[in-house]
Amino acid sequence: KYDCIVIGAGLAGITVARELAERGNKKILILEKREHIAGNCYDHENSDGILIQQYGPHIFHTSNERVFKYMSRFTEWRQYQHTVVGNINGLIVPIPFNLYSLHLVFGREKADRLEKKLIDTYGLNQKVPSLELRKSDDFEIREVANFVYENIFLKYTMKQWGKAPNEIDSTVTSRVPVYISTDNRYFQDPYQGIPLNGYTSLANKIVDHPNITVRYQT
């Protein structure tokens with residue numbers, strides 16, 4: 001009856017299923033252990049009629065035009081670009097720590113000097129992990145790195161993962177960089193937003209194909 005079985009109805013699984021069904025003309029069975037589609041992106045209306053993302057917020061962002069066009073087949077977009085600030089001892093600064101943050105924390109004269117050093121050493125618009133900055137031969141760059149490490153990186157890592165930074169893979173620790181830029185956005189990808197009617201609506205449209213069957217709690 002089925003040509004392929006796909007395990008999991010998250011975004012990866014349903015996209016694979018759609019491609020196999022649409023371009024490969026295969027009969028697809030998706031098996032999902034949860035009672036809903038869309039994996040951790042699943043959203044639904046709460047008792048007040050507000051659309052909530054059950055497993056925490058998810059923001060769509062990509063630098064790949066093909067990916068954006070593909071997803072746009074199944075949804076319109078709510079234009080949204082994420083910005084984050086942190087309260088560091090009463091001072092509200094952009095996160096990731098960037099050149100604006102630098103000037104707020106270190107004051108104009110010192111920040112001007114630090115900004116030049118960072119740009120000269122690492123380049124403008126580069127994201128540099130704070131652990132890498134801590135290896136610098138320049139004591140002032142290490143000072144910036146240690147400030148970010150102590151006030152942002154260490155606490156974020158302990159809260160998010162329950163582990164010390166040296167216990168975390170470098171691909172994860174790179175999420176808390178120093179961004180040598182005045183761009184306060186959390187992501188710099190050219191395509192950003194949130195599906196207009198939510199991720200569940202998007203997911204249901206992806207699997208809306210005669211060759212696809214989804215079984216939940218299986």
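This is a predicted model: local features need pLDDT of at least 70, side-chain atom pairs count only at pLDDT 80 or more; totals for chains, interfaces and linings use all residues.

**A histidine in a loop**

I started with His-36, which sits in the loop between β2 (28–31) and β3 (43–45). Is His-36 buried or exposed? I looked up its relative accessible area and got 7%, which means buried, as the cut-off is under 20%. Next I checked what surrounds His-36. Leaving aside neighbours within four places in sequence, I found Tyr-42, Tyr-55 and Tyr-216 in contact with His-36. With Tyr-55 there is also a polar contact between the side chains, at 2.8 Å.

**The cores**

Then I went for the largest nonpolar core, which has 24 residues. Which of them touch the most other members? I noted Ile-14, Ile-28, Ile-30, Ile-37 and Ile-212. The elements giving two or more residues to this core are α1 (11–22), β2, α2 (65–72) and α8 (199–206). The largest share, four residues, is from α8.

I followed up on Ile-212. Beyond its neighbours within four places in sequence, Ile-212 has contacts that include Ala-17, Ala-21, Ile-28 and Ile-30, plus Arg-18. There's a second, separate core as well, with 23 residues, among them Ile-88, Leu-99, Phe-106 and Ala-111.

**Two crossing helices**

Last, I looked at α4 (residues 108–122) and α6 (residues 139–161), whose axes come within 10 Å and cross at roughly 100°. That makes α4 roughly perpendicular to α6. By class, I have five nonpolar, one polar and five charged residues in this contact. On the α4 side they include Lys-110, Arg-113 and Leu-114; α6 brings Glu-140, Ile-141, Glu-143 and Val-144.

Terms used
Residues are numbered from 1 along each chain as its sequence is written. Side-chain values use heavy atoms; hydrogens and water are left out. Axes are lines fitted to C-alpha atoms, for helices over the stretch in contact, and angles run from 0 to 180 degrees between N-to-C directions. Angles under 35 degrees count as roughly parallel, over 145 as roughly antiparallel, 65 to 115 as roughly perpendicular and the rest as oblique. Contact means heavy atoms within 4.5 Å. Ala, Val, Leu, Ile, Met, Phe, Trp, Tyr, Cys and Pro count as nonpolar, Asp, Glu, Lys and Arg as charged, and the others, Gly among them, as polar. Buried means under 20% relative accessible area, exposed over 50%, partly exposed in between (1.4 Å probe, protein chains only). A polar contact is a pair of N or O atoms within 3.5 Å; within protein, one must be able to donate a hydrogen and the other to accept it, and residues adjacent in sequence count only if both atoms are side-chain atoms. A nonpolar core is a set of buried Ala, Val, Leu, Ile, Met, Phe, Trp, Tyr and Cys residues joined through side-chain atoms within 4.5 Å.
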